[in-house]
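Here's a quick tour for anyone opening this entry for the first time. Have a look at the chains, then read on.

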Amino acid sequence: MIEFQNVSKVYQGDVKAIDDINMTVNDGEFVILLGPSGCGKTTLLRMVNVLESITEGDIRVQGKSSKELNPIELRRNIGYVIQSNGLFPNMTIEDNTMIVPDLLGWDRKKKRNRFNYLMDLVGLNPDDYRKRFPHELSGGQQQRIGVIRAMASDPPVMLMDEPFGALDPIIRHRIQDEFLAIQQEVKKTILFVSHDIDEAIRMGDRIALIREGKIMQYDTPTEILTHPKNEFVSEFVGQDRVLKSMSLYSVQDLVDAFNLESSKQEVADTKMIHSDTSLRVAISMLLNQEADQIVIVDQQDNQLGSLTLNLIEKFLHREVKGKER
Amino acid sequence: MFTISQLFNYIQSDLGNIITYTIEHAQLVGLAILIAIIIGVPLGIYLTTNEELAETILQIASIFITIPSIALFGIMIPILSNIGQGIGFLPALIALVLYSQLPIIRNTYTAINNVDPNIRDAAKGIGMTNFQRLIKVEIPIGMPLIMAGVRTATVLNIGIGAIAAFIGSGGLGVLINSGISRGNTNMVMTGAIFVSILALIADFLLKWIQKKATPKGIQ
């Protein structure tokens, strides 16, 4: 758990970079710090592991104030991932990954087992990469190593500063999915900086939208999209926020909402869509197909019903707009 | 009249002395570089934490390197005469150490300062102490540049070391010095040739050490 209590940071000349922040990140929660560049989100993140000093207030990590702890000890218990991966070019992949366990004095066997486990987690063969150097890896692979390095000593809390920001969109998307799957398993308490609203919606349990060092709204993605608290929030999430919120729902949600039942009739010449696809993708499929309907199928290819733009509109009305009071 | 065969004859006849001078020369320069590294590398590293002092120290080191060597030896004679060492090995050693400081300090300072700030940030964020960061990350990454400074200083010192013979430090400068005063071109040539050979060997050796000392990942 990370608790921010009246946290402020004032630079020389009375520039308030962070202005009286109060927020809590619960155990196992994935929270995104979202905002335009220069809003203070990175500064706020770096205050957690004392890379930036705190002018006023207190930050408690796992119940302990960062003022009470030695910064070196504190940092070894918090995973830290940065955008440019920050791998040490002079060390092999194994040495890079195991740097924190090494500082903590783990024995060789324990380190090796941990390395093998983590590499399997991100789908890289440990023996193929053990002795290689960072420059021999692709950007996506380097970033995966950057992530598992932060997880090496199994810290309960992780700080991630735009970790996937430098990757091309296809790789970024894939690594986001991978990381979400890992998070399902490891349940870390994560604070994640992003300037990308789509990434925030996809990844976060909650989003803290920040502007000029203040929190504008701290809510679930759905709430932020459907009930922006003020003009800044609704402007930041964009005019297409209804469309964006579609990526939070899957076709299955729609099937459940309307109790769709399999129509036995065989429809010829139509495309099929899996029920776990997001509604956003479903809409664009429908618009691309120039077809009136797509057949919804489950994992076993059983037909669950047919999807039309009309149906999505109904769902949207019920689920998204219906919540706008 | 100077001919190649005469030169070879001279070298053959005086080989014992020539080798002794070469060894003396190598010892003087080797010791000077060792001391220069022990002073210059830690100083260069320290200066990265103190920008203002860095300016000053680098300027002082630049001034030393502009002083003609013969003048520097001259200055040291009265100073070191106070401890009875006005001429000989000690003043030569001190002069060479001073000349080595600029390339070694400046290269070390630049090497450590040039480490990618993101890498430094990651090292800090991971929980390394300043010392661990230096030993495990910054020095290994800066190694090629630090070693380049040592190589520059070594070659520079082998040249200047020849002039130190004027104040009685021995070495290959003795051949050049007495060759000039006796009008013996063969002696002068031999001295010059062996200085060059020594410089080439030293540079080759240091290049090899540089390669061995540079981590594989950044070669």
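Predicted model: local features only at pLDDT ≥ 70, side-chain atom pairs only at ≥ 80, totals over all residues.

Chain B is built from nine helices and has zero strands, and its contact with chain A takes in 20 residues of chain B and 23 residues of chain A. Inside the protein there are two cavities of 30 Å³ or more.

**Chain B on its own**

- Read from the N terminus, chain B goes α-α-α-α-α-α-α-α-α.
- The C-alpha trace of chain B spans about 70 × 40 × 25 Å along its principal axes.

**Where chain B meets chain A**

- How big is the area buried between chain B and chain A, and what do carbon and sulfur atoms give? The area comes to about 1,800 Å², and carbon and sulfur atoms give 65% of it.
- Eight residue pairs are in polar contact between chain B and chain A, counting pairs with both residues at pLDDT 80 or more.
- On the chain B side, the elements that give two or more residues to the part touching chain A are helix H6 (117-126) and helix H7 (130-163) of chain B.
- H6(B) makes the largest contribution to that side, with eight residues.
- Sorted by class, the side of chain B that touches chain A holds ten nonpolar, six polar and four charged residues.
- Two salt bridges cross the interface of chain B and chain A.
- In one salt bridge, the side chain of B:Asp121 pairs with that of A:Arg46, at 2.8 Å from N to O.

**The largest cavity**

- The largest cavity has a volume of about 60 Å³.
- Which residues line the largest cavity? From chain A come A:Arg75, A:Arg76, A:Ile78, A:Gly79, A:Tyr80, A:Val100, A:Arg149, A:Ala150, A:Ser153 and A:Pro155, and from chain B comes B:Ile126.
- Helix H2 (71-76), strand E6 (78-82) and helix H7 (139-151) of chain A are the elements that give two or more residues to this lining.
- E6(A) gives the most to the lining of the largest cavity, namely three residues.
- By class, the lining of the largest cavity splits into six nonpolar, two polar and three charged residues.

**The second largest cavity**

- The second largest cavity holds about 40 Å³ of space.
- The residues around the second largest cavity are A:Val122, A:Arg144, A:Val147, A:Phe164, A:Ile175, A:Glu178, A:Phe179 and A:Ile182.
- Two or more residues of this lining come from each of H7 and helix H8 (169-186) of chain A.
- H8(A) gives the most here, with four residues.
- The lining of the second largest cavity has six nonpolar residues, no polar ones and two charged ones.

**Salt bridges overall**

- Side chains of opposite charge can pair when their charged atoms come close.
- How many salt bridges are there over all chains? The count is 21.
- One of these is within chain A, where A:Lys9 pairs with A:Glu52 and the closest N and O atoms are 3.8 Å apart.
- That pair links distant parts of the chain, 43 residues apart: A:Lys9 is in strand E1 (residues 2-11) of chain A, while A:Glu52 sits in the loop between helix H1 (41-48) and strand E4 (56-61) of chain A.

Key: Residues numbered from 1 in each chain as written. Chains lettered and ligands numbered in written order. Heavy atoms only, no water. Contact = heavy atoms within 4.5 Å. Buried area = accessible area lost by both parts, 1.4 Å probe. Salt bridge = Lys/Arg side-chain N within 4 Å of Asp/Glu carboxyl O. Polar contact = N/O pair within 3.5 Å; in protein donor to acceptor, adjacent residues only side chain to side chain. Nonpolar A, V, L, I, M, F, W, Y, C, P; charged D, E, K, R; others polar. 1 Å grid on protein atoms, 1.4 Å probe; cavity = no way out; pocket = protein on both sides within 12 Å on 5 of 7 lines; lining within 4 Å. Points joined across faces, edges and corners; volume = space filled by probe spheres on them.
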